[in-house]
Amino acid sequence: MDLVLQLLFTGIGIGAVYALVALGFVLIFRATNVVNFAQGEFSMVAAYLMVVFSVDLGWPYWLSFLIALAGMALFGVIFNLGVYYPLRHRTYLPVIIATIGASILLSNSVLAIYGPQPQVLQGWFDTPGIQLGPVYLDSQYLLIIGVTILLVLFNFWFFERTLLGKKLQATSQDKEMASLLGISVSTMIMITFIYSAVLGGLAGILVAPVLFVSIQMGSTIALKAFAATIIGGFGDVAGAIVGGLALGVIETFGAAYISVPYKDGFAFLVLIAFLVFRPQGIFGERVAEKA
Amino acid sequence: MPLLEIRNLVVRYGEIEALRGVTIAVEQGQVVTLLGANGAGKSTTLRAISGLAKPASGDILFDGHSIAGLGPEAIVRLGISHVPEGRRVFPGLTVKENIMLGASNRKVGASQISREADAMFDLFPDIRAFSNALGWTLSGGQLQMVAVARGLMAKPRLLLLDEPSLGLAPVIVQAVFRIISQIRKDTTVLLVEQNARMGLSVADHGFVLETGRIVLGGKPDELWGNEAIAAAYLGGHAKTHA
């Protein structure tokens, strides 16, 4: 029982990272109807920004954190203008290929600067964790879970309770009608890219002390997050969060009880099972919303 | 000076010439109805005015200034609100949210917009009870009410209504047209209709479009007297000019 609780905690911690990246996937998908294959690189770039400011320049952790997040907001702007905006009137295919191209460009640029050696980033807290009864709560995982809870609440408030959130939803449901009402569609899409880049960046910064900071970290996280969006129900915000958490828990238990080397395989086993037996995911695609 | 003046408007979709030199004028305070069969170019005319379709040539003057080539976001800010074909109510937003977003062309605060949306239900009492219902759950008549209410939230000087009667039961069509005759007190309306009788019943002036050209124009009484009008609706080859 103690082990189960311990695994559950770790699983939710890593699942929270998948959930944040999955949320970024879904938001961009809903706004542009395109899967952003560079979403994982958003996390990787943010983790390297932390290495630049916190490790290389030796600036305070919190300052580096704020600069890295601001950098990710700027990165979202550049990504939108460079990758999506020029192709916005084309079909989804050129846009998808552009995001794949951006993903390759980003990992190789970082490779050229930092080389293949993984970098190490310290966690936010000096204390490694606290013992709560039988369960050891790692401080970084606690931080990840806490930040994710706050972000999910913020996300709900932003999209359901603010006029700007409603305009973003309107834009994702019917761009032409949104523009007829005077909603600036290009501004809404810009906001979506900024928000998704910051979300992905946060996930990368939070998970970096747990994993290593490497050029592959983005694609590993993104593959799991992508699987999470399908398991949760593609295009569904709640599905992305639930799918991400579920995937984190499943692979942690799988690693503990079945096989550690096959840890990454469990996510995809679950994904395949969903694609075969329930392709619409846990929450299903609310078809009416797309009509 | 007419509020809206369209001169020799040509619009092409690829190879197809949807409008082939349309000229109409809408005076301030009027309801003007564009009649015509399917594919005659009625919707394209409205889409060109609201900026969804780019004119290939010709001009569109609103209040004396050319708006041809401006984007839809800029045009609605000038005071032209387009309620398009198919209602296009956002399916995943509630009725109230849909109506509130109609004010996106104006710089007003959220609480003010919320109050205005509540006031809008006085004009559309039938949808008041559905204020918190999501768009996709509504019936065709309710969707049309929401679409018109949303269009009015822009406080337009000119309201473009595309086929408000399409697919609605006769009793609902009458309700929609009662609303149009109420709207006309404050707003100029350019109405597109296939339903000629309803369309002309509220109009000060009517035009008949056929394959991208205006073939007939006049007061409703004059149009009624013209035999060609029936032929134009049935997609016939009326060449008679009034």
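This is a predicted model: local features need pLDDT of at least 70, side-chain atom pairs count only at pLDDT 80 or more; totals for chains, interfaces and linings use all residues.
**Entry 1**

A crossing of two helices is left-handed if the near helix is turned anticlockwise from the far one by less than a right angle, and right-handed if it is turned clockwise.

**Entry 1. Confidence in chain A**

I began with the confidence values. Chain A has a mean pLDDT of 90, and 98% of its residues reach 70 or more.

**Entry 2. Helices α3 and α8 of chain A**

Two packed helices are described by the angle between their axes and the distance between the axes. I looked up both values for α3(A), residues 61-84, and α8(A), residues 185-207. Their axes are 8 Å apart, and the packing angle is about 135°. The pair α3(A) and α8(A) is therefore oblique. The crossing of these two helices, α3(A) and α8(A), is right-handed.

Which residues of α3(A) and α8(A) make the contact? On α3(A) I listed several, including A:Phe65, A:Leu69, A:Met72, A:Phe79 and A:Tyr84. On α8(A) the contact residues include A:Ile189, A:Phe193, A:Ala197, A:Gly201 and A:Ile205. By class, the contact of α3(A) with α8(A) has 17 nonpolar residues, 4 polar residues and no charged residues.

**Entry 3. Helices α10 and α11 of chain A**

I turned next to α10(A), residues 237-257, and α11(A), residues 263-277. The axes of α10(A) and α11(A) come within 8 Å and cross at roughly 130°. That angle makes α10(A) oblique to α11(A). I recorded the crossing of α10(A) and α11(A) as right-handed.

From α10(A), the residues A:Leu247, A:Ile250, A:Glu251, A:Gly254 and A:Ala255 take part in the contact. They meet A:Lys263, A:Phe266, A:Ala267 and A:Val270 of α11(A). What classes of residue make the contact of α10(A) with α11(A)? I found 6 nonpolar, 1 polar and 2 charged residues there.

**Entry 4. The sheet of four strands in chain B**

In chain B I traced an open sheet of 4 strands, in the order β2-β1-β4-β5, with antiparallel pairing. Its edge strands are β2 (16-26) and β5 (65-66) of chain B, each pairing on one side only.

I followed β1(B) on both of its sides. Towards β2(B), 8 bridges join the antiparallel strands β1(B) and β2(B), and B:Leu9 stands opposite B:Val22. The strands β1(B) and β2(B) form a hairpin with 2 residues between them. In the turn, B:Gly14 has a positive phi of about 60°. Towards β4(B), residues 57-62, strand β1(B), residues 4-13, pairs in the antiparallel sense over 5 bridges. Here B:Val10 stands opposite B:Ser57, and B:Ile6 stands opposite B:Ile60.

**Entry 5. The sheet of six strands in chain B**

Another open sheet of chain B has 6 strands in the order β6-β7-β8-β3-β9-β10, and its pairing is mixed. Within it, B:Val31 stands opposite B:Val189.

**Entry 6. Helix α1 of chain B**

I then located α1(B), residues 42-50, which lies across β1, β2 and β4 of chain B and runs at about 70° to β2(B). Helix α1(B) also lies across β3, β6, β7, β8 and β9 of chain B, at about 145° to β7(B).

**Entry 7. Where the chains touch**

Finally, I examined the interface. How many residues of chain B are in contact with chain A? I noted 22, in contact with 18 residues of chain A. Helices α2 (72-78) and α3 (95-101) of chain B each supply at least two residues of the side of chain B that touches chain A. The most come from α2(B), with 4 residues. By class, that side of chain B has 12 nonpolar, 6 polar and 4 charged residues.

Methods. Residues are numbered from 1 along each chain as its sequence is written. Chains are lettered from A and ligands numbered from 1 in the order in which they are written. Two residues are in contact if their C-beta atoms, placed from the backbone, lie within 7 Å. Ala, Val, Leu, Ile, Met, Phe, Trp, Tyr, Cys and Pro count as nonpolar, Asp, Glu, Lys and Arg as charged, and the others, Gly among them, as polar. pLDDT is the predictor's confidence in each residue, from 0 to 100. Two strands pair if DSSP finds at least two bridges between them. Axes are lines fitted to C-alpha atoms, for helices over the stretch in contact, and angles run from 0 to 180 degrees between N-to-C directions. Angles under 35 degrees count as roughly parallel, over 145 as roughly antiparallel, 65 to 115 as roughly perpendicular and the rest as oblique.
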